[in-house]
Amino acid sequence: MAEHTTFRPFVSDNEDRKELSVRAILLGSIFGVIFGAVTVYVGLRAGLTVAASIPISVLSISILRAFGRASILENNIVQTTGNAGQSIASGVIFTLPALIFLGFDLESSRIFALALFGGWLGVLFMIPLRRQLIVEEHGTLTYPEGTACADVLQAGERGGSFASRVFLGLGLGGLYTLFQNENLLSLFPATPNWEPNFEPHGQQILRGAAIRADVTPEYLGVGYIIGIRVAAIMLAGGVFSWLVLMPAIVFFGKHLPGPLYPGVVPIAQMSPSELWSTYVRPMGAGAVAASGLITLLRTAPTIVNALTSGFAKMNLKRGAAASKPLRTQNDIPMSVVVGGSLVLILLMFLFLEFKPIPGAEVGWLANLSAALMVVTFGFLFVTVSARIVGIVGSSASPVSGMTIATLMAVSAIFLVKGWTAPAFGALAITIGGMVCIAASNAGDTSQDLKTGFLIGATPWKQQLAVMVGVIVSVFSIGATLNAMNKGLETFQQLPTPRAISLATLPDGVSNQGYFKRDHVSVIERRVVGSSAAATHEELANGRSYIVLNSIGSATLQDGKYLYDPATGQIEVQWVQGIGSEKAAAPQGRLMATVINGILSRKLPWSLVLLGVALVIGIELLGVRSLTFAVGAYLSIGTTLAIFVGGVVRWMVDQALAKSGNGPNSDAESEISSGSLYASGLIAAGGIMGLVGVCVKLYEAATDKMVPSFPETNPLHKDWVSVMAFAALAFSLYYFARKPLDSEKILEQVEKEEI
């Protein structure tokens, strides 16, 4: 293809406009921190991430315009810097939560180092690929998000402004969340819930089922952006788990006198949430793992073709006379790429050597091999990711499949060497995590570079901006992960304490020393007849308890427990925030399942294989199983709320198609008023949700309660939650049908490109 020889960017080579300014870097860094944190929050809860480049571009145009004239190149630097936060966060939440599921703590220093190394690898390896993928194949690889972002920037340069819809979504969504979030004012229930239990002739029909919805603005916005098709498939998975499988478990198991592995209490005493965490979650993990492998096999030809094509076309013309490149062709020098890669290998080696995973201390040669393995797999999948996103877009890139392939290869090597202890699983996720972050960042970086190519940006300035964005955003990403894990944690009293001997702990159970807090609030659930009630009691002598960690035990469900030496019993289950119903982290669970399946081979295989069989059946129906599997793993509270957003999107599409006023004549585009309003809702829900987590942490640290509405207030009713969420959904429908004047400018930009 020769289109690149005649292509002329929006800003020509000989124009000198403000670009890499201090204010652009500062504003982009702020957006990187915000959207990195929001991506962690929404991704852990919903299992999905949403591209941030367009909302950042929209906000940048208005904010910089308020401080004086801003060039299109300056706005591009803002979105390039800020988008790094979202891309790094995506790679982090897909992998590093697996450390929790493997029984390890999330160390801030480890998260920072892995995110930084992986992020920089993604940028450095993308530099030599830019000319081939972005320039030489301009007419072949479209990079849909990058092209759409360029359209927004050009429309903004011509006077268009889209920010009013984003700010409106931020304002209304933030106000709504202030009253809805259970950690803030909590005026009405955050999760309206109905647990059907019909008893004609004493049969207890649908006992164990639950219909609930986390009525948050971020789920509404995510559902709107992904559309009705994907949202419906996700809800189908939730319906199967919560309205079919869980009632079946209760129907067949309610007469058992004792616990059924991997449970710790009898099924008859379990609430729907406990049924989900005990039996549905392992099955869902098996389903997600199987569908991930199927996706990897399905995309293997594409990955191989992308790799071979990329290497075949990387012919550096060394014989050509050296000359100063044009401004729009000036990349960071290859000497910096090679030198930077060597420095990163050294830093990774030093990190693994001097801060090893506890219990996985290996020799310097093994650590050096691990660092080289990260670089090898990293370059391989950066090349693949950068090409694939040019065809299908970032949201459809099989980054998780590439990570699974890395983990399988690394785990197989560990298995051959006999490194099968849980600590080596954490080492495997360390290697796979850096590769995943590199591939994720490379995909989004290639989209940003495509935007820059179309508008006439300077490549080396964009590449430097991404590196700055990586450094800044990793701080907020690590802090958000730890804050959510601690802020959303719960302590639950076991209905029946488990007697256990510290001298002869069961296989898979380890002693992690005394609990380090004086007191915590413990939830005690009591079943009275067919209903359940929860009470909160204070555990005053917390430091006298011992923490036991169960991983792959045949007698005790995975997780952490508080053991009372005075009674010789396990009395309290310590449920981590990440992995709970409020932050399920499906991709992290998938990675932990793959590692455990290879290294320890200690999984609740009956449940895991049920998930595998379910996925095979879904594939035979002709439905892509990964979306269904994620829906089956997540709480129905998540998938039902997302589905409502998908329904609103469908209604808007139908209305716009009938009126003929929609973008592209009959459907919403990702830069329309509805999508921008939805982006504002997502940002509002994420930001206010994090504020709520911080409130929870403040209360735990100071023993002071932040004022909120009591549950006895007259509006704390499920029907109020449903009506409030319906009103928010109507606002999305209403504003999505009202096009902005700037959309006319955008349509003109698109026509000129054609």
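The protein exposes about 29700 Å², and carbon and sulfur atoms supply 64% of it. Accessible areas here come from the Shrake-Rupley method with a 1.4 Å probe, and for residues only the protein chains shown count as cover. This is a predicted model, where local features need pLDDT of at least 70 and side-chain atom pairs count only at pLDDT 80 or more, while totals for chains, interfaces and linings use all residues. Residues are numbered from 1 along each chain as its sequence is written, and side-chain values use heavy atoms, with hydrogens and water left out.

First, the overall make-up. The protein has 23 helices and 9 strands. Both are DSSP runs numbered from the N terminus: H or I of at least four residues for helices, E of at least two for strands. Of the 754 residues, 58% are buried. Buried means under 20% relative accessible area, exposed means over 50%, and partly exposed is in between, with a 1.4 Å probe and protein chains only. Take contacts, meaning heavy atoms within 4.5 Å. Among those between residues at least 6 apart in sequence, 81% join residues at least 24 apart.

Now the interior. In soluble globular proteins, nonpolar side chains tend to be buried together. I use nonpolar core for a set of buried Ala, Val, Leu, Ile, Met, Phe, Trp, Tyr and Cys residues joined through side-chain atoms within 4.5 Å. Which members of the largest core touch the most other members? In this core of 206 residues, they are Leu44, Met348 and Phe414. Helix α15, residues 422–455, gives the most to this core, with 18 residues. Apart from this core lies another, of 10 residues, including Val522, Tyr545, Val572 and Trp574. Back to Phe414: setting aside neighbours within four places in sequence, this residue contacts Trp419, Phe424, Leu427, Ala428, Ile431 and Leu599.

α9 and helix α22, residues 718–736, pack at an angle of about 175°, with their axes 12 Å apart. The axes are lines fitted to C-alpha atoms, for helices over the stretch in contact, and angles run from 0 to 180 degrees between N-to-C directions. α9 and α22 are therefore roughly antiparallel to each other, a label for angles over 145 degrees; under 35 is roughly parallel, 65 to 115 roughly perpendicular, and the rest oblique. On the α9 side, Arg165, Leu168, Leu172 and Tyr176 meet Ala724, Phe725, Leu728 and Phe735 of α22.

Last, charged pairs. A salt bridge is a side-chain nitrogen of Lys or Arg within 4 Å of a carboxyl oxygen of Asp or Glu. How many salt bridges are found in the whole structure? The search finds 14.

One of them joins Lys582 to Glu182, with the closest N and O atoms 3.8 Å apart. Lys582 lies in the loop between β9 (569–575) and α17 (586–599), and Glu182 in the loop between α9 (163–180) and β1 (193–194), so the pair ties together parts 400 residues apart in sequence. Lys582 is partly exposed at 24%, and Glu182 is partly exposed at 44%.

Arg110 and Glu107 also meet in a salt bridge, at 3.2 Å from N to O. Arg110 is buried, at 4% relative accessibility, whereas Glu107 is partly exposed at 30%.

In helix α20, residues 636–659, Arg649 and Asp653 are 4 residues apart, about one helical turn. Their salt bridge has its closest N and O atoms 3.4 Å apart. Arg649 is buried at 13%, and Asp653 is buried at 19%. Elsewhere, salt bridges that share partners join Glu107, Arg110 and Lys355 into one network.
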